[in-house]
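Biologist: Hi! I'm new to this one, could you walk me through it?

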Amino acid sequence: MLASLPNDLRPLAAQRLSTAEPVLRRLLAGLYGERADFDTWFGDLMESLGKLYAERPPELRALDIQRAAQPEWFLSQRMLGYCAYVQNFGGSLNGVAERIPYLEELGVSYLHLLPFLRPREGENDGGFAVTSFDEVDPALGTNADLHDLTTRLRAAGISLCSDFILNHVADDNQWALAAKAGDAKARAMFHVFPDRDMPDRHERTLGQVFPQVAPGNFTYVEAMGGWVWTTFYPYQWDMNWSNPDVFAEMAAAMLRLANRGIEVFRLDSTAFLWKREGTNSMNQPEAHQLLQALRAIVDIVAPGVLLKAEAIVPTRELPAYLGSAAAPECHIAYHSSLMAAGWVALAEQNTGVLREVIRNTPPLPSAATWLSYVRCHDDIGWNVLRAEAEVGSAAGAAARLAGAARFFSGAQGSYASGAAFQSTDPNAAHGSNGMAASLTGLQTATNEEERSLALRRMLLLHGLALSFGALPVLYMGDELAMENDYSYLDRPQHAMDSRWLQRPVFDEQRWKHRYDKTSAPGIMYQGLANLIRARRKQDALAANAPRALLADAPDGVLALARGERFLTLMNFTGLPQEYALQGVWSDHAEPGRIEGTITLAPYAMHWLARE
Ligand code: OTU
């Protein structure tokens, strides 16, 4: 690798190689070492890394040095994320750049723009079927626009996060096209089976992501003369990561994007990377080895870059995606269990599942954090909570989670207006969709009282994400109490995928009313801005600061201590709840000292600092 570098870059590169290369070699030998050509392949990989290192722009190399010196920079309570589709938030990359002052006003330091690379022509799962990793979607701008946007974001102290969709590519990606044209090397980059024997054997233990709109995990492709592994939509072809060519190509693609100024990669569908017959082909040990190898590569070539695991999996499977001090993996992992458990607590007016998830969340390894959130562009996946929902449940986890799913689909008596995801069985719980304002009852509110309760529910869930100890990410529109977008029902290609409910276009009117405290957007925006401001001042709310669940709270109340000096009380019920405070406190939202028994109003939250 060093031979590919100009002299001035060699000393630092040599230093990084000394620690990371042995790790990288061990991991890759564990995956591909039985191949006769492993040493040659590994040498070629290191040479390609050297070229990418040499191509890395000086301002990014400077950021690498700065962040390598402060590896816990992203654990600060001043880190705040915001997630949006480019076309919905700004119309284009240049339009997003015009929104930077708004992001700065909110205190955003991390912007996740949903897929903006050239997507498959026609249907492309909201950009999650990538045709090219090397060019921006022409509908959204150019590579030059991306360069300008990252430059302006960096100047504003905002890190750009991009999806890196490494589990699958579009069926019009160059490798898929070459495979269809008969290129054997390209064909070997995918999982292709001549008949249904292996697909049927795999299907015995595989789950289904889109059982309604894309049942099964394999698609017959005439041009391939066989069945291709397609975990998601038929046009999303899973990559064969047991083939080292896939590793080398994808690692290089990611680093080329890093050299374009992307600072965080949301590694999409990481749980699915390694397939194994007789299993659900999720969370396999080799998938973690692959991610640890990508981390070792980042530690060598671009240590200022963060890797974020998108693994919507049971709580007990999550910590592995952060690795350990000895074997670091991703810097950040979605805490999808915490998110879903917050919604269950609202549906049940009981914090049992939420407390169980918090108990099952182990301490973080160093320089790693959770991603906390209320909503995202996807469904609320209920099945990650199977273990926690089983505890103390007479009906059993499945029935209990189905109850939550029914609640958010607006079952009788529910204030929610959401939709089930990929399931018509009211007794099954696959997922639920909807904007936070719609799921918490704002959309159905018919009077001031109902509107106020809905807004409190939204602020409660955001308060959990902001105070838990994580990198919290706001989902575009929630900060303005935007509601569901039903236009997807008029688009036949989207009508079966209710995730499009929560993908509205940014509402300029609500944005203009964000200071109007008589309006829902104003109340939500100001309430959220107050929490963000209060959080920034509290070292106790840094991601890696201590967290303790206080068991002496009523079932409907979550009492979470962050160290000795910060306490958050959240009432997940529609009834007033009492809590006996120990000591003297002050509330960030109101003047004066508070001690003794505090009464929490319905759906109220208090952030208390010890006097
Ligand atoms: C991810 O999906 C993306 O977030 C989705 O938007 C894409 O459709 C999908 O991958 C394919 O790229 O857990 O790990 O439940 O929420 O599949 C994969 C449906 C994921 C998605 C789920 C999610």
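This is a predicted model: local features need pLDDT of at least 70, side-chain atom pairs count only at pLDDT 80 or more; totals for chains, interfaces and linings use all residues.

Biologist: Great, how many residues surround the ligand?

Modeller: There are 18 residues around the ligand, and the closest are Asp125, Arg266, Asp378, Asp379 and Arg499.

Biologist: And how far is the side chain of Asp125 from an oxygen atom of the ligand?

Modeller: An N or O atom in the Asp125 side chain lies 2.6 Å from a ligand oxygen. For Arg266, the side chain has an N or O atom 2.8 Å from an oxygen of the ligand. Asp379 also has a side-chain N or O atom 2.8 Å from a ligand oxygen.

Biologist: Switching to helices: at what angle do α1 and α12 pack?

Modeller: Helix α1 (residues 10-32) packs on helix α12 (residues 285-301) at about 155°, and their axes are 9 Å apart.

Biologist: Is that parallel or antiparallel?

Modeller: Roughly antiparallel, because the angle is over 145 degrees. The crossing of α1 and α12 is left-handed.

Biologist: Which residues make the contact?

Modeller: Among them are Leu17, Leu24 and Tyr32 of α1, with Leu290, Ala293 and Ile297 of α12. By class, the α1 and α12 contact has 14 nonpolar, three polar and four charged residues.

Biologist: What about α18 and α20, how far apart are their axes?

Modeller: The axes of α18 (residues 448-467) and α20 (residues 520-536) are 10 Å apart, at an angle of about 25°. That angle is under 35 degrees, so α18 is roughly parallel to α20. Their crossing is right-handed.

Definitions and conventions: Residues are numbered from 1 along each chain as its sequence is written. Side-chain values use heavy atoms; hydrogens and water are left out. Axes are lines fitted to C-alpha atoms, for helices over the stretch in contact, and angles run from 0 to 180 degrees between N-to-C directions. Helices (H or I, at least four residues) and strands (E, at least two) are DSSP runs, numbered from the N terminus. Angles under 35 degrees count as roughly parallel, over 145 as roughly antiparallel, 65 to 115 as roughly perpendicular and the rest as oblique. A crossing is left-handed if the near helix is turned anticlockwise from the far one by less than a right angle, and right-handed if clockwise. A residue is near a molecule or strand if one of its heavy atoms lies within 4 Å of it. A polar contact is a pair of N or O atoms within 3.5 Å; within protein, one must be able to donate a hydrogen and the other to accept it, and residues adjacent in sequence count only if both atoms are side-chain atoms. Contact means heavy atoms within 4.5 Å. Ala, Val, Leu, Ile, Met, Phe, Trp, Tyr, Cys and Pro count as nonpolar, Asp, Glu, Lys and Arg as charged, and the others, Gly among them, as polar.
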